[in-house]
Amino acid sequence: MSERKVLNKYYPPDFDPSKIPRMKLPKNRQYTVRIMAPFNMKCKTCGEYIYKGKKFNARKEDAENEDYLGIRIYRFYIKCTRCLQEISFKTDPQNTDYEIEEGATRNFMALKLAQEQEKREEDAEKEEEATNPMKLLENRTQQSKQEIELMESLEELRDLNRRQGNVDFDSMLLKYNPAELKEQIKRMQEEEDENTIKSLMGIKRKIDENEDEELVESEDNTAKSIIKNAITSTTQPSVKKKVSKLNLLNLVKVNNVTSTNKTKESGNSLSLIGNYSSSDDSN
């Protein structure tokens, strides 16, 4: 089987291309091309709006005896989608645009016309300045006055900025910006919470340290008491013996004191009796 899409064709050895008859085509032949509408337009017959970018099967031809700096100008023919009225427009290489010719009106032409009018006025002013030196002098003096006024206004603005240099515009804007104010309040609350948590953690650590110190002291006290009890338990019998000996000595001393006191009292009583008897005898 032969290929469906053949790239190489067979030419017989006796093939002579000069014998092929040439087709006589017209000089300005029209070609069918696929084109999109280059601008928004409105049909004059039915009033249908044709928007920019709508696709058409258009006929293209060269505009006879029309060019711009050697660039060809092409003309296109399309049909209205509603009434099949023929609409023609051509290229405009001078303005890099398209120009409507027949069958429709272009929308939003006011802006384009205003731009064209402004361009014409600028060109006329330039020509007048080139030909009329007095007009050029007037324009220059007017420009210098405008520059002086601008410089004065700039100086005034600088002075005003220097006066208002100490004003904190950020704080003023924060007052009237509730979202940023809420964020600032949220940040302050978070900072306060962190500070309180840190302070509570510090207090807890101090309490834990004090408890640890108390536990250590209590352990030391218990150890000391145990040692004292052990020492007292070992030394208690000897102490008891010493105490008993001391008590016996004290008793002996007490007995001796009581006996001496009794002898003194008896001597005193006898002296009193003797004194009483001597006094009676004298009487």
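1. Negative surface patch. Asp208, Glu209, Glu211, Asp212, Glu213, Glu214, Glu217 and Asp220 gather in a patch of negative charge on the surface of this predicted model. A patch takes residues with over 30% relative accessible area and no salt bridge, joining like charges within 9 Å and nonpolar side chains (Val, Leu, Ile, Met, Phe, Trp, Tyr) within 5 Å. Asp and Glu count as negative, Lys and Arg as positive; His and the chain ends are not counted. Each charge is placed at NZ of Lys, CZ of Arg, CG of Asp or CD of Glu. Glutamate 209 belongs to helix H4 (residues 178-282). Its relative accessible area is 48%, so glutamate 209 is partly exposed. The classes are buried under 20%, exposed over 50% and partly exposed in between (1.4 Å probe, protein chains only).

2. Basis of the model. The model is predicted: local features need pLDDT of at least 70, side-chain atom pairs count only at pLDDT 80 or more, and totals for chains, interfaces and linings use all residues. Residues are numbered from 1 along each chain as its sequence is written, and side-chain values use heavy atoms, with hydrogens and water left out.

3. Nonpolar surface patch. Met151, Leu154, Leu157 and Leu160 make a nonpolar surface patch of about 360 Å². Accessible areas come from the Shrake-Rupley method with a 1.4 Å probe; for residues, only the protein chains shown count as cover. Leucine 160 sits in helix H2 (residues 133-163). Leucine 160 has 37% relative accessibility and so counts as partly exposed.

4. Chain layout. The chain has four helices and eight strands. From the N terminus on, the order is β-β-β-β-β-β-β-β-α-α-α-α. Helices (H or I, at least four residues) and strands (E, at least two) are DSSP runs, numbered from the N terminus. Of the 283 residues, 10% count as buried.

5. Aromatic pairs. The count comes to four aromatic pairs. Rings of Phe, Tyr and Trp (its six-membered ring) pair if their centres lie within 6.5 Å; planes under 30 degrees apart are stacked, over 60 edge-to-face, and the rest tilted. Phenylalanine 39 and phenylalanine 89 have ring centres 5.9 Å apart and planes at 70°, so the pair is edge-to-face. Phenylalanine 39 lies in the loop between strand E1 (31-36) and strand E2 (41-43), and phenylalanine 89 in strand E6 (residues 86-92), so the pair ties together parts 50 residues apart in sequence. Phenylalanine 39 is buried, at 3% relative accessible area. Phenylalanine 89 is buried too, at 0%. Phenylalanine 89 also forms an edge-to-face pair with tyrosine 98, 6.0 Å centre to centre with 80° between the planes. Tyrosine 98 is partly exposed, at 28% relative accessibility. Phe39, Phe76, Phe89 and Tyr98 form one aromatic cluster.

6. Salt bridges. The whole structure holds twelve salt bridges. The criterion is a side-chain nitrogen of Lys or Arg within 4 Å of a carboxyl oxygen of Asp or Glu. Side chains of opposite charge can pair when their charged atoms come close. Arginine 72 bridges to aspartate 62, with the closest N and O atoms 3.9 Å apart. Arginine 72 is in strand E5 (residues 71-79) and aspartate 62 in strand E4 (residues 55-68), so the pair ties together parts ten residues apart in sequence. Arginine 72 is exposed, at 55% relative accessible area. Aspartate 62 is partly exposed, at 30%. Aspartate 97 and arginine 106 form another salt bridge, their closest N and O atoms 3.2 Å apart.

7. Salt-bridge network. Glu61, Glu66, Arg75, Lys90 and Glu101 are linked in a network of salt bridges. Within it, lysine 90 pairs with glutamate 66, with closest N and O atoms 3.0 Å apart. This pair links distant parts of the chain: lysine 90 in strand E6 and glutamate 66 in strand E4, 24 residues apart. Lysine 90 is buried, at 13% relative accessible area. Glutamate 66 is partly exposed, at 30%.

8. Positive phi. Most residues other than glycine have a negative phi. Asparagine 65, in strand E4, has a positive phi near 55°. Asparagine 65 is exposed, with a relative accessible area of 83%. Leucine 84, in the loop between E5 and E6, has a positive phi of about 60°. Leucine 84 is exposed, at 61% relative accessible area.
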